[in-house]
Amino acid sequence: MTDQLDEALQREYEAGFVSDIESRTFEPGLDEDVIRRISAMKEEPQWMLDWRLKAFALWQKMPEPDWAHIQYEKMDFQSISYYSAPKSMDDRPKSLDEVDPELLATYEKLGIPLIEQQQLAGIAVDVVFDSVSVVTTFREKLKEQGVIFCPISDAIREHPELVQKYLGSVVSQKDNFFAALNCAVFTDGSFVYIPKGTRCPMELSTYFRINELNTGQFERTLIIADEGSHVSYLEGCTAPQRDENQLHAAVVELICLDNAEIKYSTVQNWYPGDENGKGGIYNFVTKRGICHDSAKISWTQVETGSAVTWKYPSCILKGDNSIGEFYSVALTRGAQQADTGTKMIHLGKNTRSTIISKGISAGKSNNSYRGLVHMGKGAKGARNFTQCDSLLIGDKCGAHTFPYVESRNPTAIVEHEATTSKVSDDQMFLCRQRGLDPEKAVSMIVNGFCKEVFKELPMEFAVEAGKLLEISLEGSVG
Amino acid sequence: MSSWLANTISEAEQVNDWLSPKRAESLALLKNTPWPNRKTEAWRYTPINVIERARFSAANDTDVQITAIENLDSIDLVFIDGIFNLQASTNDFPEGLFITQLSEGQSCEWALDGFKKTKPNKHFFGLINDALATSGCIIDVAANARIERPIRIVQSFTSGSQSHTRILVRVGPSAKVSVVEQLQGDELCFNTSFAEYDIGEAATLEHYRLAMQCQAAISIGGSHFSLAQSAKLTSNLIGFGSQLSRVDMDIIHAGENAISKLNVIYLLDGKELFDLHSSFEHTVANGTSDQNIRCIVADRANAVFNGRIHIHRDAQKILASMNNRNLLMSEDAQVNTKPELEIYADDVRCAHGVTIAEIDEQAMFYLQSRGVSRIDAQVILSFGFINELVDQMPNVAIADWLRPQLRNRFANMEIR
């Protein structure tokens, strides 16, 4: 059994190749000048530059947070390059035909079809390669419906009124250390606007890839769902296999106006480092959405990658009758560390939230759930239900739960449950008795354990997530 | 550094007795620990600046009425403002029970090692207590002794007093004893009171901490237990909340097959605050622990709970559970709770649950439809909520004495 486990732990990261694409990269280092250069490269208006510089000034005064249950070597922020773009991107392609074939091949390898065949799948994709958005498909088709789906750098130029109004309205420049850094140096990301009463005709998707060595990726996503609209958004990511740790500090802001609904799904598969914890991505992400009256935000995440994950997708339930949901599967193996969870801030009347978190730890990894449920004074009749379950595979790993529950209103009802256990011998016995080998049995049991979350994922992602788990778990039977 | 802390440190530097080597360690740590504030995780919901603002004197020489527990035939040890009161105390002890004053502790050869053995170093006021506690007692229960009468340690505090007491208890192998820590005094005072229990192999300890100081009192303390192989602990904590009440309960499973159970009830009213930190450390395999925390919060009170189950690497076959239920009785009351699990072994079963809500309207309706007034219905339901834990108390006399006290507190509570 241990042999199998070892084998699984030594399993190679499938997306770990490097694409040999000529790129233009800033020399490492961070100062005001770098920010001015990023801003100039993006041909940004003055207000945007001012906004970045303000964030940078705030960031310089902030200490790096150390409260999470993770250990990592602190980064030297001067040794990271804050901008890297494939060289041939200098004059941007107008259509897919003009995109560097090497790039397309990269995405093909990752199994992300950018080309028209995608139309069958009905997904519009924005692809972010290191610091720039490479291609966005179906822009025109979406435009017919009034939906804006473009790189955020385009949106800053083309839709400044929307960006200026909403950028930083949910995650401000001084929100936290990594968010402030992102505000100062973010290079690209996706921008989505769904007009009033529109149901976005297809799923929107962004794929992130870190390719260059010693670069950090700082993308920024802003999604605005106007009154009564609906959108489903998918996000995926990979990075090459490197010995150095690379930083990914993204910010995602969701604005969900009255009666709107945003469904945000993530399959995170950054390079997790080798079995000894060498290399891998530091994934320090701030994700937050605000719900106005009767709006709904649903976060679904499947976290299998990254050396260190520090991520708490949150909902501010400001409007009455608004709904927040959080469904998460976090799998750690090898020397991975994850500290992830959610915050549900109930401010409006009759707000409801559901948190389902499934943590699976294998190898010598540590997996923590950290969450906050806050019932404000005005949260009359609000409800929360939280369930966080942990599954331990092997005796060298750890599973932890740190839930904060704060209630200021007697009519609000909060329920929280958590359990920790291993794959039970009874379950294993039953499966094996019916002729399943131990590996299959564990995979099946784990899939069942995660079922509640997987069923929330859009179909294509659910398949990908299920496969990813299966691969990650192969042989982890101890 | 605040002037209060500076004074405390210089006062501690004057203390010179048999515990000096241990005190020096804690004092050194204290000097390197910043004054806790809102950003200090352990004091996140509990502001402690009242301590700096108030003025205290060492002790008052007054006569104090000690609250009796009816029908409880106990061995009493009475401390008033931290000073041992001989008249009010029992002075004949049954066979197998040895009680020494802390000031004469050099005569117990185990006491120096026992000091700070189970109390963790992380508690800021625990360090102050380490450095300053010159009063208290050392209780030794001989192996195989069965002490039938409960030992009741009464600590009474008068207005304006400041005191630091320490209790060390060693329960010998296979011995059985019951200890009641009773704290009283509602006037403005500041006391730290820590107790350490070393429970030997197959020994049984029945423990009660009646933290019933109310109103202006500032009380910080804790009971810390270490369980050897097959030891058994049942602990009951009653908290009444005051200007600032903080209790830490640490239970360390140091030997296999130990069983521990902690039941806690707290009832808060007015602007009171009660902060409970409980921690179960399973350092070895095979063990069972269970904790039940029930809390009723009325008026503008603040109930804080931080529970922790920590299962160490290779501590397999552990069954641990934690259940925290809170009733909010008013618009301005608040509950802040954080049930943590930290688990490094895979063959364990751990569960925790939290609920926060008001009294169930359906149950209220049921009682009212049968002619019970709304207020009475509220008392019946909320009393039922905590009485479940009172009923589990092994000592009937204490449970019987508590019930009317708890009911009384309901009657006076500000319910909406």
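A:S306 is buried, since 28 other C-beta atoms lie within 10 Å; a residue counts as buried if 20 or more other C-beta atoms lie within 10 Å of its own, as exposed if 12 or fewer do, and as partly exposed in between, with C-beta atoms placed from the backbone. The structure is a predicted model, in which local features need pLDDT of at least 70 and side-chain atom pairs count only at pLDDT 80 or more, while totals for chains, interfaces and linings use all residues. Residues are numbered from 1 along each chain as its sequence is written, and chains are lettered from A and ligands numbered from 1 in the order in which they are written.

**Chain A overall**

- Chain A has 12 helices and 24 strands; these are DSSP runs numbered from the N terminus, with helices being H or I of at least four residues and strands being E of at least two.
- Of the 478 residues of chain A, 57% are buried.
- Among contacts in chain A between residues at least 6 apart in sequence, 83% join residues at least 24 apart; a contact requires C-beta atoms, placed from the backbone, within 7 Å.

**Contact between chains A and B**

- Chain A contributes 27 residues to the contact and chain B contributes 31 residues.
- On the side of chain A that touches chain B, β23 (398-407) and β24 (413-422) of chain A each supply at least two residues.
- That side of chain A comprises 11 nonpolar, 10 polar and 6 charged residues; Ala, Val, Leu, Ile, Met, Phe, Trp, Tyr, Cys and Pro count as nonpolar, Asp, Glu, Lys and Arg as charged, and the others, Gly among them, as polar.
- β23(A) runs antiparallel to strand β18 (residues 334-343) of chain B, and 6 bridges join them; strands pair if DSSP finds at least two bridges between them.
- A:H400 stands opposite B:E342 in β18(B).

**Serines with positive phi**

- A:S306, a residue other than glycine, has a positive phi near 75°, and is placed in the loop between β14 (296-303) and β15 (308-311) of chain A.
- B:S230, also a residue other than glycine, has a positive phi near 60°, and is placed in the loop between β10 (218-227) and β11 (232-239) of chain B.
- B:S230 counts as partly exposed, because 18 C-beta neighbours lie inside 10 Å.

**Surroundings of B:I238**

- B:I238 lies in strand β11 of chain B and is buried, with 23 other C-beta atoms within 10 Å.
- Not counting residues up to four places away in sequence, B:I238 touches B:L210, B:A211, B:M212, B:I265 and B:L402.
- B:I238 and B:R409 are 171 residues apart in sequence and 12 Å apart in space, C-alpha to C-alpha.

How values were computed: Two residues are in contact if their C-beta atoms, placed from the backbone, lie within 7 Å.
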